[in-house]
Amino acid sequence: MKFDSPATSNPIDRGRVVGIPQDRIDGPAKVTGTAPYAYERHDAAPSAVYGWIVGSAIAKGRIKAIDSQAAQAAPGVLGIVTHQNAGPLDKGNMNTAHLLGGPQIEHFEQAVALVIADTLENARDAARLLRIDYAPEKGRFDLAAEMGSAVAPETGFGGPADTRAGDFDAAFARAPVRIDQRYTTPDQSHAMLEPHATTAAWNGDQLTLWTSNQMVSWSAGDLAKTLRIPKENVRLVSPYIGGGFGAKLFLRADALLAALGARTVGRPVKVAIARPQVPNNTTHRPATIQRVRIGANRNGVIDAIAHDVWSGDLPGGGPETAAQQTRLLYRGDHRLTTHRLATLDLPEGNAMRAPGEAVGLLALEVAMDELAEACNVDPVELRIRNDVQHDPEVGPSRPFSSRKFVECLRQGADRFGWSRRHPKPGQVREGRWLVGMGVASAFRNNLVARSGARIGVDGKGHVTVETDMTDIGTGSYTIIAQTAAEMLGVPLAAVTVRLGDSRFPASSGSGGQWGANSSTSGVYAAAWALRGKLAEKAGFAPDQAVFEDGMIRQGNQSKPIGSLAGREGLWAEDQIEFGDLAKRYAQATFGAHFCEVGVDIDTAEVRVRRMGGAFAAGRILNPKSARSQVIGAMTMGVGAALMEELSVDTRFGFFVNHDMAEYLVPVHADIPEQDVLFLDELDDKSSPMKAKGVGELGICGAGAAVANAIYNATGIRLRDYPLTIDKLLERGEGSALA
Amino acid sequence: MKPFTYTRAASVEEAVRSASSVQGARFIAGGTNLLDLMKLQIETPAHLIDINHLGLDRIETTAGGGLRIGALVRNTELAADRTVRRDYAVLSRALVAGASGQLRNKATTAGNLLQRTRCPYFYDTRMPCNKRRPGSGCAAIKGMSRSLAVIGTSDACIAQHPSDMAVAMRLLDASVDIIGADGARRSVPIADFHLLPGDTPHIENALKPGELITSVTLPKPIGGTHVYRKVRDRASYAFALVSVAAVFDRDGQGRFAFGGLAPKPWRVAAADAAARSGAPAVAEAALDGARPTPLNAFKQQLTARTLASVFRQREARA
């Protein structure tokens, strides 16, 4: 099915199952421990032995020699894989560094060996006996020091490196009010609960991988490419994933080394990347340096806006596209965005939790708070004044498909009690707490991707959906079941969903908040095909048949779909392909974040007291799991604002705090009441589901609302994240702190 | 984790005997720190002696009116003990400020005193660390030292002691009761129990090989207003940047002990003496001689501010 013109009325609009809060259909399997995760496929590979990854002890250089004698002789050791015996390997399209290093070392903790043994403990102990002689080289690890050599990256996921409209420099120079500030965000780690893990087994030249991966088709292809075998010889199975956040978009070392290890020892091998290895071995969100300039009139109406972003990555890597939202969020005739990419020898930077906007808004939305203050305009009102209903770089010829941004600001402000905010910072005190409120806009692009599915109905009227779509804890199982149930007129309980198997039709996968909208649209397409087949069997006209209560009906005639499917069942397969609506219409999701913080008057400890958000993201397919996603994302926003930081040791070129004791994310005690409002919205240009992405919207801007609330509480404006006690104290003089 | 043998000791005497006779033996109690360190091969005991079933889990009053806390009393139990909450409130508050509920259920009184530093370089065996591998150097002094010690350090080591409980114990002048391999018992004031790093940062306490802590004894209650204030980078389940344990009496005298600042629970007589002069004076006395790094120098100001918060809390209660 091609989606190239706006959706009209369709069966999803009935809203009997879709749009109703539903419990996760995979919930019971998860809470009873019966959902099989990649490292526990005792059912599929009961004879699996254990691989332990050895990571490089240097960041850059090469391996001079490997002495594996002692390791090989250690108890229980079955084999050792290194670059010396792995055979010729290619590199996946989505990988920057090689997943198995050597002799060249590209980053610290890059996998250089896999030790395979009969038990995990034996593999881990033997790995310590591997003697690797390195010749280290000087590397580049400091983004600020490498800014000068940064270059414009190629056009990628985030569009071109630079965009311009009008004459920014001239307009900025003549603007009566000017903001020009520099902001920084640190390297961050995904910190999903389940580390990367894979069980691999060969049967002849056929390889099966039970793994934890967001993008089944990409990764099956990249594994085949890396191993130089045909893609059809690889089966990748990833039905349950303990969180991904972008860390599992790509093939990683666990998968490749499990496959190589299984080939070496001639039996299934399982490999998990140990928690302390994850931050340096895998990908992370790269640090940014950002400059935001805004020129406005005295009423805060923007005439000129520029956002320059610097980030770094390994040679061949990509930028953090943190200026994306600045291209679309606010009005202004004179515009400039730039991205510059420095070469760094730190571990690979890549997508994490709303790449681009999540850190871009940490800068832009603080700049907007600074503009509001400079113009003496309420920060909510300032944003409303700068709303624009079309792509401001292109003009009115490219309107937004839907944009309830102003409504989010207004309704969100009302619900939160924004009017109680004191406009002057440092004025509100409750006991030991300085109290402040902040607001920030939420914005995230609405991406869509081709997605396929097959759907069948059996003789009893039970429906089964198969697609290689993944559920990374987001609720894909449930929204896909809802879609199938709505389309075929059966209850949710009459639908079985099978996900995450490369034998199923290729889907959009999960990433960039495109998964829910795209994959359900794929199921919608397949369901249309099945409806056609059922109507044909019933002798009804497909466009007049109504599906409800397990029956197909036309006029006063009706037949059970089970009996039409018959004993052998009836299946259909299709995919959704998106036309040029995303070109003709700017498509994005919007919202407004509100936050109240307390800052201890003595110690500068920050405690978030309340958060509220209003969001418009098209049809909300399952309000219950969508809310869960959004509050989780808001929590990540608190993490970004207050604590998350991979600390770079620029002498050794690695992230020092590489475990969960030292890399802090919010705990329950950090997160208070979170109020989420979804505005009613249907976006007919986004997909036949009239939905948009929502999973990442909640993080976008949330941290800036925290930062702005801290300013309102204390009068301290911090521009270097995370906003920790030491930074607040450094600026304590003249603030409201004691 | 290297292969190791394991026995469950039948008596305290047997435990210390076998600890001194078996090469590379270590006691195991809650295991909340030791097992993690074994997995990383930072600790590589050849033999573990399980002391969980030796009856060392009782809390009882002493003849002198103090409290004897068995070495194996779990942190959760100690924090909830009625006598502790009434007479040694600062200890109860320090305990619940530490770790998580699950860890406190498992962690023991003696094990808490012996827990090792959270210096990130100590945890990465590819990095130099004089505490982990004597003589290999210190990666932390010029590295990511934000969380590390500012006073009591040496050129060999700036690792901080991570405990909350021990800070309160130090404030209360606890003593550590020890039995040796020969069955001889001795008691060490907590002030002398933890050692400063000097040139030997791998030697962290006064225990001799084979010695076992049997209990920790608190002197009789000192009354007063008890405060434990811990400042960290998130609201719970994080180690202290700075913590202050304090007891004030009615006439404004006070005593203070500090966590997060030093290689051991930090207490200075001059700081106690400055109680009537207020928070800045106490902080100045406590940190006299501090040698912070550029990344952790903020802890000096934070100490004064945390003390200010403690004084404020005391006023609110008075």
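Colleague: How many salt bridges are there across the interface of domain 1 of chain A and domain 2 of chain A?

Modeller: In this predicted model, the rule finds three salt bridges across the interface of domain 1 of chain A and domain 2 of chain A. As for a pair to look at, the side chains of D13(A) and R619(A) meet in a salt bridge, with 2.6 Å from N to O.

Colleague: Why would side chains like that pair up at all?

Modeller: Side chains of opposite charge can pair when their charged atoms come close.

Colleague: And where do the two domains run in chain A?

Modeller: The domain assignment gives domain 1 of chain A as 2-35 + 449-581, and domain 2 of chain A as 376-446 + 587-730. Taken over C-alpha atoms, the centres of domain 1 of chain A and domain 2 of chain A are separated by 34 Å, and their contact takes 30 residues from domain 1 and 28 residues from domain 2.

Colleague: How much area do they bury between them?

Modeller: Domain 1 of chain A and domain 2 of chain A bury about 2,200 Å² between them, and 54% of that is on carbon and sulfur atoms. On the side of domain 1, the residues that lose the most area to domain 2 are T474(A), Q513(A) and N517(A), which together account for 29% of what that side buries.

Colleague: How many residue pairs are in polar contact there, and which elements of domain 1 touch domain 2?

Modeller: Between domain 1 of chain A and domain 2 of chain A the count is 19 residue pairs in polar contact, both residues being at pLDDT 80 or more. The elements that give two or more residues to the side of domain 1 touching domain 2 are α12 (476-488), α13 (515-538) and β25 (570-578) of chain A, and the largest share, five residues, comes from α13(A). By class, that side of domain 1 of chain A has 13 nonpolar, 14 polar and three charged residues.

Colleague: Switching to the two chains, how many residues does the contact take from chain A and chain B?

Modeller: That contact takes 41 residues from chain A and 38 residues from chain B, and the area buried between chain A and chain B is about 3,300 Å², of which carbon and sulfur atoms give 53%. In chain A, R128(A), D602(A) and L729(A) lose the most area to chain B, together 17% of what that side buries.

Colleague: What about salt bridges between chain A and chain B, how many?

Modeller: The count between chain A and chain B is six salt bridges. R126(B), for instance, forms a salt bridge with E109(A), where the closest N and O atoms are 2.7 Å apart. The elements giving two or more residues to the side of chain A that touches chain B are α3 (120-127), β28 (648-649) and α18 (725-730) of chain A, and the residues of that side divide into 19 nonpolar, six polar and 16 charged.

Colleague: How many salt bridges does the structure hold over all chains?

Modeller: Over all chains the structure holds 65 salt bridges. In chain A, the side chains of R353(A) and E644(A) meet in a salt bridge, at 2.9 Å from N to O.

Colleague: Which parts does that pair tie together?

Modeller: R353(A) lies in the loop between β16 (334-343) and α9 (357-375) of chain A, and E644(A) in the loop between α16 (623-642) and β28 of chain A, so the pair ties together parts that are 291 residues apart in sequence.

Terms used:
Residues numbered from 1 in each chain as written. Chains lettered and ligands numbered in written order. Predicted model: local features only at pLDDT ≥ 70, side-chain atom pairs only at ≥ 80, totals over all residues. Heavy atoms only, no water. Domains from an automatic or database assignment. Contact = heavy atoms within 4.5 Å. Buried area = accessible area lost by both parts, 1.4 Å probe. Salt bridge = Lys/Arg side-chain N within 4 Å of Asp/Glu carboxyl O. Polar contact = N/O pair within 3.5 Å; in protein donor to acceptor, adjacent residues only side chain to side chain. Helix = DSSP H or I, 4+ residues; strand = E, 2+ residues; numbered from the N terminus. Nonpolar A, V, L, I, M, F, W, Y, C, P; charged D, E, K, R; others polar.
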